[in-house]
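This briefing is for a reader who has not seen this structure before. Please look over the sequence and the model shown next, then read the notes below them.

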Amino acid sequence: KSVKQTELITQGKGDELMELMEKKQSLIEKLELSSSQFIEEKVLLEKTPMGEFSTIDEELDQVLMAIEEVLKRLVERESEDMEVLSSLQKDHNEQMRHLGSGRDMAKAYLKPKQGSSLSKKV
């Protein structure tokens, strides 16, 4: 079963999230390498006689479009996850502010401890 990044964010699973991010980075690097190789091959193909009419050229275009679509979906998901993370961060900050207010109120109502009024001298 594939774990969604959003789930890891909402569940606060930092180690698993970092592992997923490393895998994602590796895939992005492979996609970048593949797309640059396809682009180079396409340029070389177009420079050959009749290369611009080759069916391979169309196949390369389809592969490049597929890579572009995957990257587009990745960016969309990352944007959604950033919104989730931002919302969680706002909630956390609000909770911390609320706790800080409670602490300040408790300090105001509780009197500081004073030393014992009994003398310890004999």
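The model is predicted. The protein has three helices and zero strands, and its pattern along the sequence reads α-α-α. Of its 122 residues, 13% are buried. Three salt bridges are present in the structure.

**Confidence**

- The mean pLDDT of the protein is 78, and 81% of the residues reach 70 or more.
- Confidence is lowest in H1, where the mean is 81, and highest in H2, where the mean is 84.
- Where pLDDT is low, predicted coordinates should not be read in detail.

**Overall surface and contacts**

- Among contacts with a separation of 6 or more, 49% are between residues 24 or more positions apart.

**The helices**

- Helix H1 covers residues 5–11, and Gln 5 is found in this helix.
- Helix H2 covers residues 14–47, which makes 34 residues.
- From the first C-alpha of H2 to the last, the helix reaches 49 Å, close to the 50 Å expected at 1.5 Å a residue.
- The buried residues of H2 are Leu 17, Lys 24, Ser 35, Lys 42 and Leu 45.
- Helix H3 covers residues 55–109, and Glu 83 is found in this helix.

**Gln 5 and its surroundings**

- Gln 5 counts as buried because its relative accessibility is 9%, and the cut-off for buried is under 20%.
- The side chains of Gln 5 and Asp 81 are joined by a polar contact of 3.2 Å.
- Leaving out residues up to four places away in sequence, Gln 5 touches Leu 17, Leu 20, Met 21, Lys 24, Glu 78 and Asp 81.
- Two of these partners, Lys 24 and Glu 78, also form a salt bridge with each other.

- Side chains of opposite charge can pair when their charged atoms come close.
- Glu 78 and Lys 24 form a salt bridge in which the closest N and O atoms are 2.3 Å apart.
- Glu 78 lies in helix H3 and Lys 24 in helix H2, so this pair ties together parts that are 54 residues apart in sequence.
- Lys 24 is buried, with a relative accessible area of 17%, whereas Glu 78 is partly exposed at 21% relative accessibility.
- These two values fall on opposite sides of the cut-off, because buried means under 20%.

- In helix H2, Glu 19 and Lys 23 are four residues apart, about one turn of the helix.
- The side chains of Glu 19 and Lys 23 meet in a salt bridge of 3.7 Å, N to O.
- Glu 19 is partly exposed at 45% relative accessibility, and Lys 23 is exposed with a relative accessible area of 52%.
- In helix H3, Arg 97 and Glu 94 are three residues apart and therefore separated by about one helical turn.
- Between the side chains of Arg 97 and Glu 94 the salt bridge is 2.7 Å, N to O.
- Arg 97 counts as exposed at 51% relative accessibility, while Glu 94 counts as partly exposed at 41%.

**Ser 35 in H2**

- Ser 35 is found in helix H2.
- A relative accessible area of 17% is why Ser 35 is classed as buried.
- Apart from neighbours within four places in sequence, Ser 35 is in contact with Leu 64 and Ile 67.

- Glu 83 counts as exposed because its relative accessibility is 59%, and the cut-off for exposed is over 50%.
- Glu 83 and Thr 6 are 77 residues apart along the chain, and their C-alpha atoms are separated by 9.9 Å.

Definitions and conventions: Residues are numbered from 1 along each chain as its sequence is written. This is a predicted model: local features need pLDDT of at least 70, side-chain atom pairs count only at pLDDT 80 or more; totals for chains, interfaces and linings use all residues. Side-chain values use heavy atoms; hydrogens and water are left out. Helices (H or I, at least four residues) and strands (E, at least two) are DSSP runs, numbered from the N terminus. Buried means under 20% relative accessible area, exposed over 50%, partly exposed in between (1.4 Å probe, protein chains only). A polar contact is a pair of N or O atoms within 3.5 Å; within protein, one must be able to donate a hydrogen and the other to accept it, and residues adjacent in sequence count only if both atoms are side-chain atoms. Contact means heavy atoms within 4.5 Å. The expected span of a helix is 1.5 Å times one less than its number of residues. A salt bridge is a side-chain nitrogen of Lys or Arg within 4 Å of a carboxyl oxygen of Asp or Glu. pLDDT is the predictor's confidence in each residue, from 0 to 100.
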